[in-house]
Amino acid sequence: MSIKAKRLRAQPVSRLLEQPGGLGDVMRMATLIERAQTHLRRQLPPDVAEHLYVGGYRDGVLTLITDRAAWLTWLRYEQPRLLKLLHQLPGFEAIIKFSLKVRPIRPVKAVPRHTRRLSAAGAEALSHCAENLDDSPLKRSLNRLASHADAPSESADETPT
């Protein structure tokens, strides 16, 4: 019994973008959501705007997400005004209501960089290894690595007068 693999041919990007339910639809929806979020944030007070995110759009319902229940209550009272603001944007005339949700939004944390240090003794060992080599990429690399050593502190080299 043998298993035959289907041969998939690469598709042109234009076909991927034009297929119904494909990448093009996702890109258009992402653009609409970004426009709605930007427009709403410009119209809201700054203390509220930083807590408002547009989560999605489906069947005339725009999902608004906030990170605290207090802002959700404020958004409930402001729904009629927000609907009028969105109806001003082309492409958002079909919004009939909002779905309001509270979701704690955690900011993306950058991974802390771990920098390694090269001691003066390590740099001296690399330089010593490089001395015995002919001019080669290895010699240049060892010398370059040795140049990254911590600079010796000036106070340690000074002698009392």
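This report describes the fold, the sheet, the helices packed on it and the salt bridges of one predicted model.

## Overall fold

The chain contains eight helices and three strands, and along the sequence these elements follow the pattern α-α-α-β-β-α-α-β-α-α-α. Of the 161 residues of the chain, 24% count as buried. The chain exposes about 13,000 Å², and carbon and sulfur atoms supply 56% of that area. Among contacts between residues at least 6 apart in sequence, 49% join residues that are at least 24 apart.

The three strands form an open sheet in the order 1-2-3, with mixed pairing. Its edge strands are strand 1 (52-58) and strand 3 (97-102), each of which pairs on one side only. Neighbouring strands of this sheet are turned against each other by 25° on average, when direction is ignored.

Strands of a sheet pair through backbone hydrogen bonds, in either a parallel or an antiparallel manner. Here, strand 1 and strand 2 (residues 61-66) run antiparallel and are joined by six bridges, and within this part of the sheet Val54 stands opposite Leu64 in strand 2.

## Helices against the sheet

Helix 2 lies across strand 1 and strand 2, running at about 140° to strand 1. The buried residues of helix 2 are Gly24, Ile33, Ala36, Gln37, His39 and Leu40. An α-helix has 3.6 residues a turn, so residues three or four places apart point the same way.

Helix 5 (residues 79-87) lies across strand 2 and strand 3, and runs at about 120° to strand 3.

## Salt bridges

Side chains of opposite charge can pair when their charged atoms come close. In this chain the count comes to two salt bridges. One of them joins the side chains of Glu78 and Arg81, with an N to O distance of 2.6 Å. Arg81 counts as partly exposed because its relative accessibility is 34%, a value that falls between the limits of 20% for buried and 50% for exposed.

Asp135 forms a salt bridge with Arg140, and the closest N and O atoms of this pair are 3.5 Å apart. Asp135 has a relative accessibility of 64% and therefore counts as exposed, whereas Arg140, with a relative accessible area of 45%, is partly exposed.

Definitions and conventions:
Residues numbered from 1 in each chain as written. Predicted model: local features only at pLDDT ≥ 70, side-chain atom pairs only at ≥ 80, totals over all residues. Heavy atoms only, no water. Buried < 20%, exposed > 50% of the residue type's maximum accessible area, 1.4 Å probe, protein only. Helix = DSSP H or I, 4+ residues; strand = E, 2+ residues; numbered from the N terminus. Pairing = 2+ DSSP bridges. Axes fitted to C-alpha atoms, helices over the stretch in contact; angles between N-to-C directions. Contact = heavy atoms within 4.5 Å. Areas by Shrake-Rupley, 256 points an atom, 1.4 Å probe, with all protein chains shown as cover. Salt bridge = Lys/Arg side-chain N within 4 Å of Asp/Glu carboxyl O.
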